[in-house]
Amino acid sequence: MSTRIAFLKGHGTENDFVIVPDPENVIDLPPAAVAALCDRRAGIGGDGLLHVVRSAAHPEAKDMAAEAEWFMDYRNGDGSVAEMCGNGVRVFARYLQRTGHATEGDLKIATRGGVKSVHIAKDGEVTVGMGKARLPEGDVTVGVGERSWPARNVNMGNPHAVAFVDDLEHAGDLYSPPPFSPASAYPDGVNVEFVVDRGPRHVALRVHERGAGETRSCGTGACAVAVATARRDGVDPSVTGTPATYTVDVPGGALVITERPDGEIEMTGPAVIVAEGELDAEWLETIAR
């Protein structure tokens, strides 16, 4: 392992990430090392980690290398692997732009949830093509304390349970995963969004992210919420032939979500790099053993 390991810190609507550039996939990042880096007291601090690897150098992304040069090897804050992170893709794109690997305009980024189309606008906003939502059948319930609510099961490449509530305070502290049933609906755990209305096609959420706890924002969660809200409102772009756009307030800002008639979902929001430095390689190597 090199004695000099670069890192950056970035966020998208305050969903924050440690960024570890590793084009040739040579840095050992086991779960314990990722969790230590994401620790807000003993490490750098972040909701998750963006491991920046060339697709051709990563066994999970080789098949996508012809379409997307770079692979977002995303990890949750507890070190577990995740399929996708919408805010993370925007920050990943901003990193590629900062380092000269991308420019304003369109690019492709490989993720475990497939290749994502990204557009970096002149005003700094980043739009990500998030793919299509799947709406698995079956009733789902989530609970906090003595309260419980029906939830909409939405899959954005990762699983979500969307519950509409009267007050976001009803979500509790969200330190622990909110209980859900049936267990068979989410065998690998779930991201849970609690949602209130703010106005026409305008909602707000709080979220418990699987493997991270409550976060200031969740991109895939905002997309899941927009789709669930549209269906609750009787809006289905595949039926109307007209795109549906919702503004989704998150604790760290706002995201604009558009579902097109073909089912494709686009998410637009900010992405910021706030710092860069070097990790103590000896410390990281000790953690990684």
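Contact here means heavy atoms within 4.5 Å of each other. Keep that in mind as we walk through this predicted model, where local features need pLDDT of at least 70, side-chain atom pairs count only at pLDDT 80 or more, and totals for chains, interfaces and linings use all residues. Residues are numbered from 1 along each chain as its sequence is written, and side-chain values use heavy atoms, with hydrogens and water left out.

Let us begin with two helices (DSSP runs of H or I, at least four residues, numbered from the N terminus). Ala32, Ala33, Ala36 and Leu37 in α1 meet Trp283, Leu284, Ile287 and Ala288 in α5. By class, this contact has eight nonpolar residues and no polar or charged ones. The axes of α1 (residues 31-38) and α5 (residues 281-288) come within 7 Å and cross at roughly 135°.

Between β1 (4-12) and β2 (15-21) sits Thr13, a residue other than glycine with a positive phi near 45°. Thr13 counts as buried because its relative accessibility is 3%; buried means under 20% relative accessible area, exposed over 50%, and partly exposed in between, with a 1.4 Å probe and protein chains only.

Arg201, in the loop between β12 and β13 (202-209), also has a positive phi, near 50°. At 38% relative accessibility, Arg201 counts as partly exposed.

Finally, look at Pro182, in the loop between β11 (180-181) and β12 (191-199). A cis peptide bond links Ser181 to Pro182, with omega about -5°.

How values were computed: Axes are lines fitted to C-alpha atoms, for helices over the stretch in contact, and angles run from 0 to 180 degrees between N-to-C directions. Ala, Val, Leu, Ile, Met, Phe, Trp, Tyr, Cys and Pro count as nonpolar, Asp, Glu, Lys and Arg as charged, and the others, Gly among them, as polar.
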